[in-house]
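Open the model in your viewer and keep the selection panel at hand. The stops below go from the parts of one chain to the meeting of two.

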There are 2 protein chains.
Amino acid sequence: MENIRVIIWGFGAMGSGMARMLLKKKGVEICGVCDMHPDRVGRSLFDLCGVEKGDRQDVILQSDIARVLQGHPADIALLATDSFTDKAFPKIQYLLEEKLNVISTAEEMAFPLASEPELTAKLDEIAKANGVTVLGTGINPGLIMDLLVVALTGACIDVEEIEAERINSLSPFGPAVMEEQGVGLTPSEFAQGVKDKTLAGHVGFNESVGMISRAIGWKLSEPVRQSMEPIVSSVYRKTQYAEVQPGNIAGSSMKGSGFVDGKEKIRMIHPQQIEPQLEGTETGDYIRIKGTPDISMAIKPEIPGGIGTIAMCVNMIPHVINSHPGLKTMIDLPVPRAIMGDMRDLICSP
Amino acid sequence: MENIRVIIWGFGAMGSGMARMLLKKKGVEICGVCDMHPDRVGRSLFDLCGVEKGDRQDVILQSDIARVLQGHPADIALLATDSFTDKAFPKIQYLLEEKLNVISTAEEMAFPLASEPELTAKLDEIAKANGVTVLGTGINPGLIMDLLVVALTGACIDVEEIEAERINSLSPFGPAVMEEQGVGLTPSEFAQGVKDKTLAGHVGFNESVGMISRAIGWKLSEPVRQSMEPIVSSVYRKTQYAEVQPGNIAGSSMKGSGFVDGKEKIRMIHPQQIEPQLEGTETGDYIRIKGTPDISMAIKPEIPGGIGTIAMCVNMIPHVINSHPGLKTMIDLPVPRAIMGDMRDLICSP
């Protein structure tokens, strides 16, 4: 059996991280990379990753996806360009129509039905018509505040309430995340950003609440309620990409609630900030299920977002290739797993 | 769509617990129960469960499986009679040949390849020939020390070592478990039991280590190494079914190790005892992954074994019905989940 052939579209922090991960794995190869950034177009994947090419064929980054695919038949594309389904849609459609399976990092794609029911139906239809599969995944949404919650309810006879809390550090992230979260702003700038909706904050509560409720059979009686509060720093904080003066914003604390028959049944709590340890905040991932039995899980420190998203997307490749055609979410496929052997060993013969 | 119809074979603590759980769920009904116990044969399922029959058809426990199945076409059988694959094999074979899907509580069936490769191949063949599916599951093996470990590695780029620890209380369990674990014995009786192999202890390390290594692509270079040490109580302990004098055995501490290329890569630690709190032992489930990233998970207190096994078996019903025919393990199917809605909503149309 030949290597599994992967296309990467979007070579930012996530896409390039997936490339570095894939270059270390057996039974898989990167056969093309699409990226628009002028500093990267025309350069070798191996140079950009700082990895010896060895006897592998070179891969030159190109800005035109049609040229990337030309002469490079691939099994799957990893799409790491967008957060929202509507933005990712034309790219996913293009890839599916080229008969490629697709894994998207777009947060909304983790459970697109929550925000884009029409595009969801279209994507499912296009994927089926072309005999391929599309999945959205990542660390969160994708695992921490949804799939892991669902898996733990598997040990429950009954579930009454669910709370998922992710307290994480934004310190490793770059300028885009700092901007989305309002890091470094004054309190009034932050308030204005929330009002204007220019601060995206965490994208994923709709998806995580949607995925959990769908999985366990709760019907949401109203849209997910969300709030976003500033985390005001009382000390000076600094990272490579952000600086926060005392009295200004170190991050944001988001909450989300899913209601069933008017009762709050699913609660999401997600405070994110740079340098949380400076004011004694311990990071971690927590799941609390009230039911039969009660379950209280903690992962300390939190599973890091960047590495986790990279790993989830790459590790789901075999499951997506094996899947029935269509749009899938993490609750439809077997559990993710690290791939320490030959990736081809995980491919089921049809 | 008609209700999902379930047969239960074995009406001990697990089988009767599954019955009670099923009687509370929507879209599913119990259409037959097979059990040998003279106190139960001939009695009504509803009486035995202490549940109002309402307008449901009565179900009388019968000792002959052929008579249970007669005139009661079912979708799936829950088999809660054995711990070992060779003992469960003829029963599973019978059910598969009657074109029933099967979920078995036998610990070895969670990953039967580990101990019974020939029977595994036979079961897979029989299931496929009859167009049905067989799965072994439970809380452990089935979730805590294997599937949950696998799912967490999904967030890892690389894994170097895995440790799973389950510190649990045996207090809720009955006489069979007390005997298997040596609870109440003197230290010399316990030593003799380990030597004679009359103390089964925990059955599942072969299966959990086998499942993890298969899932992530590690090839075990030797059989799983296991040890069983007594937990000697320094205080008096008592439960409904066991009594331990100071100096005698409150339970057993088992360890298991999986080796890859001669190196210990997977470690299982599983001390079980009655009344652990009397000597300050905190119960819990722990998973520690050394890799990229490191992951340290704790569930405190532990997910209880009895309730957890009951829930896992019932909650996997839709996934087993939806599955391709054959022998499956938990790593082949979508994640387990609580079923709070109508069970039929989880059945995929073929």
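Start by colouring chain A by domain: select 4-138 + 307-346 for domain 1 and 147-303 for domain 2; these bounds come from an automatic or database domain assignment. The C-alpha centres of the two domains of chain A are 26 Å apart. Two notes on the numbers: this is a predicted model, in which local features need pLDDT of at least 70 and side-chain atom pairs count only at pLDDT 80 or more, while totals for chains, interfaces and linings use all residues. Residues are numbered from 1 along each chain as its sequence is written, chains are lettered from A in the order in which they are written, and side-chain values use heavy atoms, with hydrogens and water left out.

**Between the domains of chain A**

Domain 1 of chain A brings twelve residues and domain 2 of chain A brings nine. Together they bury about 1100 Å², 79% of it on carbon and sulfur atoms; buried area is the accessible area (1.4 Å probe) that two parts lose on being put together, summed over both. Select A:Glu107, A:Phe111 and A:Ile331: they supply 45% of the area that domain 1 buries against domain 2, more than any other three residues.

How many salt bridges cross this interface of domain 1 and domain 2 of chain A? The rule (a side-chain nitrogen of Lys or Arg within 4 Å of a carboxyl oxygen of Asp or Glu) finds zero.

**Between chain A and chain B**

Now display both chains and select their interface. Chain A and chain B each give 51 residues to the contact. The area buried between them is about 3900 Å², and carbon and sulfur atoms give 65% of that. Pick out A:Ile157, A:Val335 and A:Met340, which supply 16% of the area that chain A buries against chain B, more than any other three residues.

Four salt bridges are found across the interface of chain A and chain B. To see a salt bridge, show the side chains of A:Lys219 and B:Asp345, with N to O at 3.8 Å.

Last, go to strand E13 of chain B, residues 295-299. Strands here are DSSP runs (E, at least two residues), numbered from the N terminus. E13(A) pairs with E13(B) in the antiparallel sense over three bridges; pairing requires that DSSP finds at least two bridges between two strands. Which residue of E13(B) is the bridge partner of A:Ile299? Select B:Met297 to see that partner.

Technical notes
Contact means heavy atoms within 4.5 Å. Helices (H or I, at least four residues) and strands (E, at least two) are DSSP runs, numbered from the N terminus.
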